[in-house]
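Please keep the sequence and the structure in view while reading.

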Amino acid sequence: MGATPTFAEQTPGGKLVVYTSQAPEIAQQTIDAFKAAYPSIQVEWSRNGTTQLMNVLHTEMMAGDVKADVLLVADSINLGALKKEGKLMAYPDAPVGNLDSNFYDKDKTWFGTKIIATVIGYNTKNAKPVESWQALTSPDNKGQVAVPSPLYSGAALYNLHTAINTPAIGWNFYQQLAANDITPEGGNGPALKAVASGLDKYGVITDADIIAAKKKGSPIDLVYPKEGVSFVTEPVAILSSSHNVPAAKAFVNFLLSKQGQALVVKQGNRPIDASLAPPEGFEAIGNIKLLTLDADKAVDDDKQVRDKFTRIFGG
């Protein structure tokens, strides 16, 4: 175990602006817990889908008026693009002692905060568990699979890049979905509701969302397909234009601390700190085939990947 993280050298204060793609209620919990740990910091936060946040951020950058100090978004592809543009600040002293090096940037510009796998969700009343992604392309499931759009959702974007670079899945999977009258749209929330309500039989949804809904009584369950699953780490990053670096570092420190990671568990997610157990209902990490992704390659390929996705689904 690593040493207990030390918070920012100076007592941070002032205003901190956070842009996040966390669900509103989760974001509120995260901000409230941070403010309780750092009462001298005033926090303003804004949430939206990761792609929308990136659009807002780039608009602000072009206007020379970036409001956010830190980003807490779904995936590292968008952050990797910002890093490539020199828009992220390295934080060499970040408290990463309990983290696997695969879960944060080697140059320490972004840091994962949890492990969120994208899996197959199914309605337990009108669908049966399937073991393969390929099963979603069956004629029996025509128009009955809820798929978040990678043009909106960071987790869906990461899943797309991972899938097309996994030979057992590939672009063929998406082409077959399109041929099966499936139209990706929105984020994980609407996809979860579509499956839980029975509107759709299956969904490509994050595991934490499914487990939470199941615990609340929704007729939904999940499968980790045999080909493997992509995962995002909901990374946090400090913008190089940050107006309040001490407060921004404090925010990173908090999310990676035992207190912050315990909050991740309380919120129903798998912590990135391996010394903490995940919530009840999660498959042991050793029993899941996690598909890794070359994030730098994904950044380089992102535009052409998005363009091809759009062509496939007729956007």
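## Terms and basis

Helices (H or I, at least four residues) and strands (E, at least two) are DSSP runs, numbered from the N terminus. The model is a predicted one, in which local features need pLDDT of at least 70 and side-chain atom pairs count only at pLDDT 80 or more, while totals for chains, interfaces and linings use all residues. Residues are numbered from 1 along each chain as its sequence is written, and side-chain values use heavy atoms, with hydrogens and water left out.

A cavity is a set of points, on a 1 Å grid over the protein atoms alone, where a 1.4 Å probe fits but cannot get out, and its lining residues have an atom within 4 Å of a point. Grid points are joined across faces, edges and corners, and a volume is the space filled by probe spheres set on the points.

## The largest cavity

A search of the whole structure finds 2 cavities of 30 Å³ or more, and the largest of them holds about 80 Å³ of space. Its lining includes Thr 118, Val 147, Pro 148, Tyr 174 and Asn 188. Helix 4 (154-164) and strand 8 (202-206) each supply at least two residues of this lining, and helix 4 gives the most, with 4 residues.

By class, the lining of the largest cavity has 9 nonpolar residues, 3 polar and no charged, where Ala, Val, Leu, Ile, Met, Phe, Trp, Tyr, Cys and Pro count as nonpolar, Asp, Glu, Lys and Arg as charged, and the others, Gly among them, as polar.

## The second largest cavity

The second largest cavity has a volume of about 60 Å³, and among the residues that line it are Gln 22, Lys 114, Glu 234 and Gln 267. Helix 9 (residues 258-266) gives the most to this lining, with 3 residues, and the lining as a whole divides into 4 nonpolar, 5 polar and 2 charged residues.

## Two residues with positive phi

Glu 234, one of the lining residues of the second largest cavity, has a positive phi near 40° although it is not a glycine. Glu 234 lies in the loop between strand 10 (231-232) and strand 11 (236-239), and is buried (under 20% relative accessible area), with a value of 8%.

Lys 108, also not a glycine, has a positive phi of about 55°, and its place is in the loop between strand 4 (88-89) and strand 5 (110-111). With a relative accessible area of 21%, Lys 108 is partly exposed, a term for values between buried and exposed, the latter being over 50% (1.4 Å probe, protein chains only).

Definitions and conventions
1 Å grid on protein atoms, 1.4 Å probe; cavity = no way out; pocket = protein on both sides within 12 Å on 5 of 7 lines; lining within 4 Å.
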